[in-house]
Amino acid sequence: MWALVLALVILCCGWCSGGLEVSPIGPQIVVISLDGFGQHYLASYPGHFLPTLYSRGAYPEKFSNQFTTKTFPNHFSVATGVYEDVHGVVGNTVYDAALNATLDIHNQSLFTQNPSLIPIWTLNELVGGHSGCIMWPGCGFPYRNKNVTFFEPFRHSADLRGEMYRVVEWLTNATTPANLVMVYHEQPDLIGHAYGPDSPQVLAELKKIDSALQYFFHELEIFGLRDIVDVIILSDHGMMSVKERDIVDLSALVDTSKFFFTGSSPLLNVWVKEGVNELDVYRPLEHQGVSNHYRILEAAESKAWHYENNPRISRITLLADDHYVFQDFYEFIDSFKEKKYKDLTDTHGEHGYPTTTTNMEPIFVAVGPSFHRGFKAPNFSNIDVYPLLCRMLSLPAGPHNGSFAAIAPVLAQPSTTRLLKPLIIALACMVLLVGVVGMVACALTRRSHKRTVSADSLINGYVYRKTMRKEKPLEDRSEEECLLEPEVEEV
Ligand code: AMP
Ligand code: ZN
Ligand code: ZN
């Protein structure tokens, strides 16, 4: 009997694990962010590999990002699923009055204004997963006192091919294989700033990226990960061309000693210095804006763009017109010259403009076993990526502004259906086991009854049998009577 039970349990477990069709550590997801890779680059894309990924993957009609369309704010929105004014990274640099400090990428406080948020990499670690980050903005700091399992800090001019190799190493780590890897690559953003989005230099960079992506998928194939690992390739924004003649120099227009600003072109947060009347700053800035290609952000715009409810957003915020920037851009140009960028012209690139502006749209394509192939989904946003990752990794999503329903169409099978099969199998196993255990328990009970039957009941049974046996049909006899039958015969 025990051998039969054991065989059934082994059979059941084997059946259950065989039916799941997932890697032994569950889903493995790689998110690759190509900084400044605008959707507009795809129209004249010089590579051949990324287009094949689109034909093999799922992508939205339109992928939207958050205002301001800058790097660190948007990367943190992807990681947390909330608007910029909810996570507080409202610019690449911010002024935090509560801390009385200007914060940049090197300050953890840039990312921790809202302590209720847990970035996706930490959430994954907290439930026992292993996250890896390659230069992803904000990932190098501990959240809830926890660091990611694998981390590579930012360094300029990192080679994407090398990073891709590192990702495969982490995915296949023998002791702590990563189930979530977030990769940040600073190109084609940097080259787009230096030479402008329509430059041959950008095309050359896109080719390099294309070949690195091809290499990555080749490695996945070699390591047998192609049908296991899900890959999401996205970006934070595109790039708009800017000419040097279109730099708005505020210092030539107003008294800049009355305020300081944080952020960078085309969006400046203006902070009025102590003792200065705010109107003395507001009026001249507003007046000059009329004829100098910038404006003060209106309340209705701030509200519509979820760029309002945060003390890190100044009451006076300046936004340059499309293709225009402020004087901070001079420093940018100088840095390219210092770094000896060759063949610079008077055309450069910038982003940070409203999400609906020309060239600000980022890219998104998802390829792997969980996603549809060659499928165009309705519009969704980069804050929807967080609930998608939570669902795919079975993480308990925190409060967020995204929508799983909006992004769910990219999934080949809704997660509920994918979970149904293992659930049904598990349920069937349990019913079977309960049945078998029940049978065994019943049999054991019968045997123990036999052994512990008392002298009294033997005598009673004997007397009873003697008197009733003949009158009572077999099927009407009690269990005790049946049990006693053979024993008494032997006595
Ligand atoms: P922006 O394009 O102005 O939004 O800023 C993004 C730029 O910041 C990229 O082109 C990178 O060169 C740079 N960057 C990205 N991550 C880091 C980091 N962790 N530390 C320093 N610089 C970074
Ligand atoms: Zn960026
Ligand atoms: Zn940039």
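Which residue in β8 does I29 stand opposite? In this predicted model, I29 stands opposite L180 in β8. Residues are numbered from 1 along each chain as its sequence is written, while chains are lettered from A and ligands numbered from 1 in the order in which they are written. Because the model is predicted, local features need pLDDT of at least 70 and side-chain atom pairs count only at pLDDT 80 or more, whereas totals for chains, interfaces and linings use all residues.

The protein contains 16 helices and 20 strands; helices (H or I, at least four residues) and strands (E, at least two) are DSSP runs, numbered from the N terminus. Of its 491 residues, 39% are buried. A residue is called buried if 20 or more other C-beta atoms lie within 10 Å of its own, exposed if 12 or fewer, and partly exposed in between, with C-beta atoms placed from the backbone. Among the contacts with a separation of 6 or more, 74% are between residues 24 or more positions apart; a contact requires C-beta atoms, placed from the backbone, to lie within 7 Å.

The average pLDDT (the predictor's confidence in each residue, from 0 to 100) is 87, and 79% of the residues score at least 70. Over residues 1–22 the pLDDT is below 50, and this stretch has 19 contacts in the model beyond near neighbours in sequence. Residues 449–491 also have a pLDDT below 50, with 15 contacts beyond near neighbours in sequence. Where pLDDT is low, the predicted coordinates should not be read in detail.

Strand β8 has 6 of its 6 residues buried, so the strand is largely enclosed by the rest of the structure. On one side lie L180, M182 and Y184, on the other V181, V183 and H185, and both faces are covered. Strands β1 and β8 run parallel and are joined by 6 bridges; two strands are said to pair if DSSP finds at least two bridges between them. Strand β6 (residues 131–134) also pairs with β8 in the parallel sense, over 4 bridges. There, G132 has V181 as its bridge partner in β8.

Leaving aside neighbours within four places in sequence, V30 is in contact with V167, V181, V183, V229 and V231.

In helix α3 (residues 71–80), 10 of the 10 residues are buried. These buried residues pack against β1 (28–34), α4 (84–87), α5 (120–126), β8 (180–185), α7 (189–195) and α12. G81 follows α3 and has a positive phi, near 75 degrees. Helix α12 (residues 385–392) has 7 of its 8 residues buried, so α12 is largely enclosed by the rest of the structure. Its buried residues include Y386, L389 and M392. After α12 comes S394, with a positive phi near 55 degrees. In helix α8 (residues 200–222) lies A204, which is partly exposed, with 13 other C-beta atoms within 10 Å. The C-alpha atoms of A204 and P46 are separated by 8.0 Å, although the two residues are 158 residues apart along the chain.

The peptide bond from Q187 to P188 is cis, with omega near 5 degrees, and P188 is found in the loop between β8 and α7. A cis peptide bond also joins S265 and P266, with omega about 10 degrees; P266 is in the loop between β12 (259–264) and β13 (267–272). M135, in the loop between β6 and β7 (150–152), is not a glycine but has a positive phi of about 60 degrees. M135 counts as buried, with 21 C-beta neighbours inside 10 Å. D343, likewise not a glycine, has a positive phi of about 55 degrees, and counts as exposed, with 9 C-beta neighbours inside 10 Å.

How values were computed. Two residues are in contact if their C-beta atoms, placed from the backbone, lie within 7 Å.
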